[in-house]
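Q: I have a model open and would like to learn how to read its features one at a time. Please take me through them.

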Amino acid sequence: MLKKIVLILVIGGAALFIVAQLVPFGRAHDNPPVVQEPNWDSAETRALAQTACFDCHSNESVWPWYSNIAPVSWMVQHHVDEGREYLNFSDWGQCLRGEEAEELAEVIREGEMPVSSYLVLHSEARLSDADKEALAQGLLATARASSSTACPEGRRDHD
Ligand code: HEC
């Protein structure tokens, strides 16, 4: 009896897994062209953002093999769609506003971002306290550098 139940569960699970692969959501995985990045204060700030944020907040996402396999693919697609919608370092305009930078710095310092489930398979994005602070400071410096070039009017907002 127990054996039968286990067998049914295994076969049912396998069937569900196969059917899940046919669901089209999560297979787009596109990287639209890079429009314009912020005017980074340094290559280091960009490198840190690339390491910890670009997979979900840029048009240069890296899509690992398991990102093509449902149900992981659904979660990954959802994260990238929503992440890009909130903020996209590849479609920024050259100006990073002060308040935006402060929000980014806060989210980084508090460890709210990157999303915790992402860190399970991306230990490289698990920034040390020193790197978190460097990224936060770098984004603030990027914003300060932008304000001297004046933020263009009507630029899309990111929050
Ligand atoms: C695994 C994907 C992923 C990574 C990596 C990631 N984010 Fe996000 N981010 C999201 C998603 C999804 C949202 C929108 C929903 C939410 O807030 O959880 C978001 C929202 C945000 C917001 C909006 C405020 C908020 O908390 O709702 C900020 C700011 C942000 N991310 C900053 C960052 C920064 C800075 C990094 C890098 C240190 C980063 N994110 C890395 C997926 C990601």
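Q: Which element do the buried residues of α4 pack against?

A: Helices here are DSSP runs of H or I with at least four residues, and strands are runs of E with at least two, numbered from the N terminus. A residue is buried if 20 or more other C-beta atoms lie within 10 Å of its own, exposed if 12 or fewer, and partly exposed in between, with C-beta atoms placed from the backbone. Contact between two residues requires C-beta atoms, placed from the backbone, within 7 Å. In this structure the buried residues of α4 pack against α3.

Q: What should I know about the origin of the coordinates and the numbering?

A: This is a predicted model: local features need pLDDT of at least 70, side-chain atom pairs count only at pLDDT 80 or more, and totals for chains, interfaces and linings use all residues. Residues are numbered from 1 along each chain as its sequence is written.

Q: Which residues of α4 are buried, and which exposed residues are on the face turned away from them?

A: Ser73, Val76, Val80 and Gly83 are buried in α4. They cover an arc of only 105° around the axis, which puts them on the same side of α4; the arc is that of the directions from the helix axis to the C-beta atoms. The face turned away from the buried side of α4 carries exposed Asp81, Glu82, Glu85 and Tyr86.

Q: Which residues of α2 are buried?

A: In α2 they are Thr45, Leu48, Ala49 and Ala52. Their arc is only 100° around the axis, which puts them on the same side of α2.

Q: How many residues of α1 are buried?

A: Zero of the 19 residues of α1 are buried, so α1 lies largely in the open. To check a helix's length, take its expected span as 1.5 Å times one less than its number of residues. For α1 (residues 2–20) that gives 27 Å, and the end C-alpha atoms are 27 Å apart, which agrees.

Q: Which residues have the most contacts inside the largest nonpolar core?

A: A nonpolar core is a set of buried Ala, Val, Leu, Ile, Met, Phe, Trp, Tyr and Cys residues joined through C-beta atoms within 7 Å. The largest one has 19 residues, and Ala49, Ala52, Cys53, Leu135 and Leu139 have the most contacts inside it. The elements giving two or more residues to this core are α2 (43–52), α3, α4, α5 and α7 (129–148). The largest share, four residues, comes from α7.

Q: Which residues come nearest to the ligand?

A: A residue is near a molecule if its C-beta atom, placed from the backbone, lies within 6 Å of it. Of the 19 residues around the ligand, Cys53, Cys56, Met113, Pro114 and Tyr118 come nearest. Two or more residues of the shell come from each of α3 (54–57), α4 (72–86) and α5 (98–109). Leaving out residues up to four places away in sequence, Cys53 touches Phe89, Met113 and Pro114.

Q: Where are the cis peptide bonds at Pro71 and Pro114?

A: Most peptide bonds are trans. A cis bond joins Ala70 and Pro71, with omega about 0°, and Pro71 is in the loop between α3 and α4. The bond from Met113 to Pro114 is also cis, with omega near -5°; Pro114 is in the loop between α5 and α6 (116–121).
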